[in-house]
Amino acid sequence: MKDRMQKIVPFLWFADQAEAAAKFYVSIFRKSKVMRVARYGEADSRASGRPKGSVMTVEFELAGQRFLALNGGPQFKFTEAVSFVVNCRTQAEVDRYWKKLSAGGKEIQCGWLKDKYGVPWQIVPVILGDLLADRDAAKRERVMEAMLQMVKLDIAGLKRAAAGRGPGKGRG
């Protein structure tokens, strides 16, 4: 890609679903596209054991962030040790990304989910960072307690907790 180079590109190893995953993600995020698909040839097919002509890598962009996905076989799995954070300004945005990314996957806790391909995501309202960095230690503690009770994060519940008006158990 000669138009612009992104210095650091997340590289995602899939067993054999790189193209389907890229198309799924592109359908969710604005300003996103599949940019290039490379297929296994004779030499790399022999070396990898992957079928000749099958998809090897998919370059795609999500909201301006480039990614590279590989169909490398089942040797490696995704874990929560690395996840993608989706920053959201409104509850509607939290709800939209949560619904789409968790479909067929697994809802976890505290805004975390795994999508149907096993990739971990955190769907986070931007106000959470402000609330957890507040000077008032009691407020920070109430917000943390509320967040720990939530699956999908609920902005109104976090604000209620910050104000000291209830546990803010949230949604999900």
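**View 1. Ser-102 is a buried residue of helix H3.** Ser-102 has a relative accessible area of 11%, so it counts as buried (under 20%; exposed is over 50%, partly exposed in between, with a 1.4 Å probe and protein chains only). This is a predicted model, in which local features need pLDDT of at least 70 and side-chain atom pairs count only at pLDDT 80 or more, while totals for chains, interfaces and linings use all residues. Residues are numbered from 1 along each chain as its sequence is written, and side-chain values use heavy atoms, with hydrogens and water left out. Helices (H or I, at least four residues) and strands (E, at least two) are DSSP runs, numbered from the N terminus. Apart from residues up to four places away in sequence, Ser-102 touches Tyr-97, Glu-107 and Leu-113; contact means heavy atoms within 4.5 Å.

**View 2. Strands E1, E4, E3 and E2, in that order, form an open sheet with mixed pairing.** Strands E1 (11-14) and E2 (33-39) are the edge strands, and each pairs on one side only. Two strands pair if DSSP finds at least two bridges between them. On average, neighbouring strands of this sheet are turned by 20° against each other, direction ignored. E2 and strand E3 (residues 55-62) are antiparallel, with 6 bridges. In E3, Val-58 is the bridge partner of Val-37.

**View 3. Helix H1 (residues 18-28) packs on this sheet.** The helix touches E1, E2, E3 and strand E4 (65-71), and its direction makes about 10° with that of E3. Axes are lines fitted to C-alpha atoms, for helices over the stretch in contact, and angles run from 0 to 180 degrees between N-to-C directions. The buried residues of H1 are Ala-18, Ala-21, Ala-22, Phe-24, Tyr-25, Val-26 and Ile-28. Their cover includes E1, E2, E3, E4, H3 and E8.

**View 4. The largest nonpolar core has 30 residues.** Such a core is a set of buried Ala, Val, Leu, Ile, Met, Phe, Trp, Tyr and Cys residues joined through side-chain atoms within 4.5 Å. Phe-14, Tyr-25, Phe-60, Leu-101, Trp-121 and Ile-123 have the most contacts inside the core. At least two residues each come from E1, H1, E3, E4, strand E5 (84-88), helix H3 (91-102) and strand E8 (120-125). H1 gives the largest share, 7 residues. Leaving aside neighbours within four places in sequence, the contacts of Trp-121 include Tyr-25, Phe-29, Leu-62, Val-86 and Leu-101. A second, separate core of 12 residues includes Cys-110, Leu-128, Met-147 and Ala-162.

**View 5. Strands E5, E8, E7 and E6, in that order, form an open sheet with mixed pairing.** E5 and strand E6 (106-107) stand at the edges with a single partner strand each, so one side of each has no neighbour in the sheet. E5 and E8 run parallel, paired over 5 bridges. Val-86 stands opposite Ile-123 in E8.

**View 6. The largest pocket has a volume of about 280 Å³.** On a 1 Å grid over the protein atoms alone, a pocket is an open set of points where a 1.4 Å probe fits, with protein on both sides within 12 Å along at least five of seven lines; lining residues have an atom within 4 Å of a point. Grid points are joined across faces, edges and corners, and the volume is the space filled by probe spheres set on them. Of the 14 lining residues, Phe-29, Leu-62, Ala-63, Val-85 and Val-86 lie nearest the centre of the pocket. E4, E5 and H3 are the elements that give two or more residues to the lining, and E5 has the largest share, 4 residues.
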